Amino acid sequence: MSSYVTRRSQLETYFDRTAVEAWSRLTSDAPVSKIRATVRAGRDAMRTTLLDWLPADMRGLRLLDAGCGTGALAVEAARRGAHVTAIDVSPTLIGLARERLPEIAGPGSIEFRVGDMLDPWLGRFDHVVAMDSLIHYQAPDIVRALAELSLRTDGSIVFTVAPRTALLTLMHAAGKFFPKADRAPAIVPITEGGLRRRIAREPALERFAVERTRRINSGFYLSNAIELTKSPSSNHLPHPEVPERSGGLEGGLQPVARSLEPSFEAASQHLRMRGGNGSAGGRSA
C-alpha cells in the first residue's frame with residue numbers, strides 16, 4: 001500500500017475520532033487557549049490569502065475544496081458564485097460542515113462529500129484549493145497529488161505546505177518523547193526550492209507554473225501558500241505522457257520516513273511540559 005494511502009487512513013482516524021472536539025472548537029467562535037488562538041488567526045489569514053488568489057467573481061466556475069474540513073473556505077467561494085465540491089476524509093468534519101452551512105445567496109452552491117480528494121470521478125474544475133491538507137505528506141506524494149489534480153484542473157491549483165524551519169525541526173524532535181498513541185499524524189516540513197524542482201520535473205505539471213507564494217506565520221501556525229497556474233492555451237488538452245488512473249494515487253508512491261512520524265501537536269505539548277508553547281496547525285476549516 002502506498003504512503004499516500006497509508007497517511008490518508010491515519011488522517012481519517014485522527015480527524016474523525018481523536019481530534020473531533022479540538023477541531024470543532026478551533027474552527028468555531030468558541031474560546032480556545034492562547035496557543036490555539038494563534039493557530040486560528042493564522043488559518044484565517046491563510047484562508048484569506050488563498051481566496052484572494054481566486055477570482056472575485058466566480059459565477060459559473062467549479063471549485064474543488066480538497067480537504068475542506070468544516071467548510072469555511074467553501075462557503076466564501078460559494079458566496080462569490082462558485083459551484084463548490086468540498087471533500088474530506090472525515091465523515092465527522094463533513095457532518096459539522098453541513099450543520100454549519102449558512103444560506104448561500106446568489107447562484108453559488110456547495111456539495112459536501114466524504115472521500116478522497118484525488119478521486120477522478122469528482123470531475124473537472126476551474127480551480128482547486130488544498131489548504132493545509134497536503135502538509136501531512138512527503139514531497140514526492142505532494143507532487144504526485146498535484147499531478148493527479150492537474151489532469152482535471154483548467155485554471156489554478158492553490159495549496160499549502162509546511163516550510164522546513166528550525167522550529168518545526170525542534171518540535172518533531174521533541175515529539176519523539178510523547179506516547180505514540182497520543183500523536184497526531186506528522187506534519188512533514190519541506191523546502192520550497194526542493195518542491196519547485198520536483199514540480200518542474202513532473203511531466204503532468206509541465207503546463208503549470210508557480211505563480212506566487214506567501215508564508216503565513218502566526219504564533220504556532222506556520223504554513224506556506226503556493227499557486228500553480230495553467231497556461232490558457234493548454235486548457236482541456238489531455239497530457240500524452242500521463243496514463244489514465246482509476247483510483248488516485250493507490251499504488252506507486254514512496255514510503256513515509258519513520259523519522260517524520262512524531263507529530264506537530266505532540267511536540268507542542270511536550271514543549272509546554274518543558275516550559276515552552278506549541279500547537280497544531282494543520283487541516284483546512
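The face of α8 turned away from its buried side carries the exposed residues Arg197, Ala200 and Arg201. Exposed means over 50% relative accessible area, buried under 20%, and partly exposed in between (1.4 Å probe, protein chains only). Helix α8 spans residues 192–201, and its buried residues are Gly194, Leu195 and Ile199. Seen down the axis of α8, these buried residues fall within an arc of 140°, so they line one face of the helix. The arc is that of the directions from the helix axis to the C-beta atoms. The buried residues of α8 pack against α6, β5 (153–163), β6 (189–190) and β8. Contact here means heavy atoms within 4.5 Å.

This is a predicted model: local features need pLDDT of at least 70, side-chain atom pairs count only at pLDDT 80 or more, and totals for chains, interfaces and linings use all residues. Residues are numbered from 1 along each chain as its sequence is written, and side-chain values use heavy atoms, with hydrogens and water left out.

## Overall make-up

The protein has 9 helices and 8 strands. Helices (H or I, at least four residues) and strands (E, at least two) are DSSP runs, numbered from the N terminus. Of the 285 residues, 57% count as buried. Among contacts with a separation of 6 or more, 76% join residues 24 or more positions apart.

The accessible surface comes to about 12,500 Å², and 51% of it belongs to carbon and sulfur atoms. Accessible areas come from the Shrake-Rupley method with a 1.4 Å probe; for residues, only the protein chains shown count as cover.

## Helix α5

Helix α5 (residues 91–100) also has a buried side. Leu93, Ile94, Leu96 and Ala97 are buried there. Seen down the axis of α5, they fall within an arc of 155°, so they line one face of the helix. An α-helix has 3.6 residues a turn, so residues three or four places apart point the same way.

## Packing of α3 and α4

Helix α3 (residues 34–52) packs with helix α4 (residues 72–79) at an angle of about 35°, and their axes are 11 Å apart. Axes are lines fitted to C-alpha atoms, for helices over the stretch in contact; angles run from 0 to 180 degrees between N-to-C directions. The crossing is right-handed.

From α3, the contact uses Arg47, Leu50 and Leu51; from α4, Ala72, Leu73, Glu76 and Ala77. By class, that is 5 nonpolar, no polar and 2 charged residues. Ala, Val, Leu, Ile, Met, Phe, Trp, Tyr, Cys and Pro count as nonpolar, Asp, Glu, Lys and Arg as charged, and the others, Gly among them, as polar.

Arg40 sits in helix α3. Arg40 is buried, with a relative accessible area of 18%. Beyond its neighbours within four places in sequence, Arg40 contacts Arg25, Leu26, Ser28, Asp29, Ala30 and Val32. Phe220 lies in the loop between β7 (208–218) and β8 (221–230), and is buried at 18%.

Ile216 is in strand β7 and is buried, at 6% relative accessibility. Leaving aside neighbours within four places, Ile216 contacts Gly42, Ala45, Met46, Thr49, Tyr221, Leu222 and Ser223.

## A positive phi

Asp132 has a positive phi of about 55° although it is not a glycine. Asp132 lies in the loop between β4 (125–130) and α6 (139–150). Asp132 is buried, at 0% relative accessible area.

Conventions:
Left-handed = near helix turned anticlockwise from the far one by under 90°.
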